[in-house]
Amino acid sequence: MTSRTVTLLDVARTAGVSKSTASDALQGSGRVAEATRDRVRAVAEELGYRPNSAARRLRRSSTGAIGLHLPQTATRLDYYMNLAFGAVARAQEDGFDVVLLAPASSMGGTGGASGPVASRVDGLLVIDPEVGDSAVPGLLDAGVPVVTGERYLGLTAAPTGAVICDNAASLTALLDHVTERGARRPAVLAPAGTSAWATALRATAASWGQEHGVDVALRTVPFAATPGEAEETTLALLRADPAVDAVICAPDGAAPGVLRAAATLGRPVGPGAPPAATTHNRKAPTPLLVASCVDGTATRSAEPPVTAVDLRPAAYGRACAELLCDILAGRTPPDTARRHAWALETRASTTAGPA
């Protein structure tokens, strides 16, 4: 550590605590156990850590704003817009404005995120952080509290807090549901990428299949796949594997593309759905169950309406903003993780009658 300036992150990593805990321990603030405080101070002395007084003054000042970083694909997805509205409403209750960070702003220019971002906000919300998003490490090391929506799977600094949804459980519920409705060969159109959501869905599709002795047909689509991309993938899937009798589509708003593919191939949607017109010597096509990992306008207004997981995005945004506000106000200690509940909404695409 003597070849360069020792940073607070160096102290935190060596002491085995988060950056925010190390900061509180050294400043005598926050809810830090005495043993932890002593350990952090001993590590700081051993490493020769010298706090930056200007940075300390910056952290203690208030800008009256928090920053919101969304995935780059968020602008065309209903889920993230509803999440953002929920976050704004909750932040305003504590007197904070919300600054939406564009990708370039998130990087803070050539100087990195820590200086420019930290000077403009008191804390940060980073939603669905991707390991491949080059802005995220700088945001996590910006010198202000950071709450992530879902866990960050990267190896850089950990966030101050997180709000987590059990995505493995939600996909398990969908797979259980379609098999209870008669599916024997389900398929999952799982999102690409390195977010916790995408990673959990791909892993769950494989593990559920192994546990139930079912060969789940797994196809990867873009994180924010369009209905057209979902349609193209489903057409290729069903033509190559006609035995597939249920398709669970992960990306927000993409499920109508699965319905279009089913219509193109003459596959009726829903259990016991009336078959498409056939000749007397040709077997009627197998009905197809369709479900989505994200509920929204596209699934509710589809024909037929599509069974989906309601992730309650506005409430999720509120929960993320609430945790950050609680940490900033000292009502909640750093390193807090809160759970967010989801609900399964069953509709005609998987049910024989009214859900």
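**Close-up views of a predicted model**

View 1. G161 counts as buried because its relative accessibility is 4%, where buried means under 20% relative accessible area, exposed over 50% and partly exposed in between (1.4 Å probe, protein chains only). The residue is found in strand β5 (residues 161–165); strands (E, at least two residues) and helices (H or I, at least four) are DSSP runs, numbered from the N terminus. Leaving aside neighbours within four places in sequence, G161 is in contact (heavy atoms within 4.5 Å) with V146, V147, T148, L323, I327 and T336. R151 lies 10 residues from G161 along the chain, and their C-alpha atoms are separated by 9.1 Å.

The model is predicted: local features need pLDDT of at least 70 and side-chain atom pairs count only at pLDDT 80 or more, while totals for chains, interfaces and linings use all residues. Residues are numbered from 1 along each chain as its sequence is written, and side-chain values use heavy atoms, with hydrogens and water left out.

**View 2. Packing of helix α12.** Helix α12 spans residues 255–264, and its buried residues are A255, G257, V258, L259, A261 and A262. After α12 comes G266, with a positive phi near 70 degrees.
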